[in-house]
Amino acid sequence: MVSQMFCLPYAGGSASIYNDWVKKLKSSIDVCPIEYAGHGGRFCEEFYFDIEEAAQDVSKMIRKRCKEDYVIYGHSMGCLVALETAFVLEKEKAVLPKAIIVGGNRPPHLKYKDKSLKELSKDELMEETASLGQIEPEVMECEELYEIIADIMYADVQMFSKYDRSPEWGKISIPVLVLAGDGDDETPMEDIQEWKEYTNGEFKLNVFKGNHFFAFNDNEAFFDYLLKYIEKL
């Protein structure tokens with residue numbers, strides 16, 4: 001069985017969003033949350049300029065810590081970082097993950113099919129994110145905390161917005177598993193199926209009950225499926 005799962009946060013999130021996963025899955029797999037520069041424990045570092053810079057940094061962290069059998073999971077913006085990291089790892093002929101698992105996002109060429117976030121102000125971004133239910137009310141009510149999270153969110157969205165990749169530019173050889181919530185407007189079936197255009201490896205897709213953050217809402221069906229998939233790799 002795969003021994004490690006490196007986990008990449010969504011926009012505005014830190015490695016701590018995966019703390020529950022570490023506890024919940026410790027008997028089955030070593031969950032290794034990745035911290036982006038400027039987030040959480042790396043708060044004093046400068047934010048990444050773009051997804052490519054993030055992927056270079058993430059690939060270095062993975063290469064230092066990975067064993068032979070591992071997977072990469074990315075949620076929302078983390079999906080794009082996971083994909084680009086896979087391209088970096090293949091280019092550098094590193095030990096490759098057994099699979100890239102992406103949750104809660106369209107593929108890169110469709111990321112702004114319906115709407116763009118890059119023109120929104122920090123306050124508008126915070127309101128948009130709060131509407132998805134992933135910002136605690138106390139954050140919105142505490143001026144100091146609000147400003148910290150708003151800066152992180154804004155930097156992540158600018159990074160996300162710059163990312164430009166198309167299947168015509170090349171594919172990875174690594175299998176891709178796409179996961180989505182049936183109540184997430186960001187992941188319509190006809191769009192997320194196009195993730196298959198980014199890999200020459202096996203492609204799988206599964207949909208769960210839940211919204212954009214289905215993977216963080218105590219979703220037993222999600223964890224059961226994830227572990228069964230990993231066991232088969």
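Reader: Is Tyr73 buried or exposed, and at what relative accessible area?
Author: Buried means under 20% relative accessible area, exposed means over 50%, and partly exposed lies in between (1.4 Å probe, protein chains only). Tyr73 is placed in the buried class because its relative accessible area is 0%.

Reader: From what pLDDT do side-chain atom pairs count in this model?
Author: Residues are numbered from 1 along each chain as its sequence is written, and side-chain values use heavy atoms, with hydrogens and water left out. The model is predicted: totals for chains, interfaces and linings use all residues, local features need pLDDT of at least 70, and side-chain atom pairs count only at pLDDT 80 or more.

Reader: How many aromatic pairs does the structure hold, and what is the geometry of Tyr73 with Phe222?
Author: Rings of Phe, Tyr and Trp (its six-membered ring) pair if their centres lie within 6.5 Å; planes under 30 degrees apart are stacked, over 60 edge-to-face, and the rest tilted. The structure holds 18 aromatic pairs. For Tyr73 and Phe222 the centres are 6.3 Å apart and the planes stand at 70°, so this pair is edge-to-face.

Reader: How many residues apart are Tyr73 and Phe222?
Author: Helices (H or I, at least four residues) and strands (E, at least two) are DSSP runs, numbered from the N terminus. Tyr73 belongs to strand 3 (residues 70–75) and Phe222 to helix 8 (residues 220–232). The pair therefore links distant parts of the chain, 149 residues apart.

Reader: Where does Phe208 lie, and what is its relative accessible area?
Author: Phe208 is in strand 6 (residues 203–208), 14 residues from Phe222 in helix 8, and their pair links distant parts of the chain. Phe208 counts as buried because its relative accessible area is 6%.

Reader: Which residues do ring pairs link into a cluster?
Author: Tyr73, Phe208 and Phe222 are among its members.

Reader: What are the relative accessible areas of Glu220 and Lys24?
Author: Glu220 is partly exposed because its relative accessible area is 41%. Lys24 is partly exposed as well, with a value of 35%.

Reader: Which residues are linked with Asp57 in a network of salt bridges?
Author: Asp57 and Arg42 form a salt bridge, with their closest N and O atoms 2.9 Å apart. Asp57 lies in helix 2 (residues 51–65) and Arg42 in the loop between strand 2 (30–33) and helix 2, so the pair ties together parts 15 residues apart in sequence. Asp57 is buried at 17% relative accessible area, and Arg42 is buried at 16%. In the network, Asp57 is linked with Arg42 and Glu45.

Reader: Which residue forms a salt bridge with Lys209, and how accessible is that partner?
Author: The partner of Lys209 is Asp182, with the closest N and O atoms 3.6 Å apart. Lys209 lies in the loop between strand 6 and helix 8 and Asp182 in the loop between strand 5 (176–181) and helix 7 (189–192), so the bridge ties together parts 27 residues apart in sequence. Lys209 counts as exposed at 69% relative accessibility. Asp182 counts as partly exposed at 45%.

Reader: Is Ser76 buried or exposed, and at what relative accessibility?
Author: Most residues other than glycine have a negative phi. Ser76, in the loop between strand 3 and helix 3 (77–91), has a positive phi of about 55° although it is not a glycine. Ser76 counts as buried because its relative accessibility is 14%.

Reader: Is Lys93 buried or exposed, and at what relative accessible area?
Author: Lys93 has a positive phi near 55° and is a residue other than glycine. Lys93 is in the loop between helix 3 and strand 4 (99–103). Lys93 is exposed because its relative accessible area is 75%.

Notes
A salt bridge is a side-chain nitrogen of Lys or Arg within 4 Å of a carboxyl oxygen of Asp or Glu.
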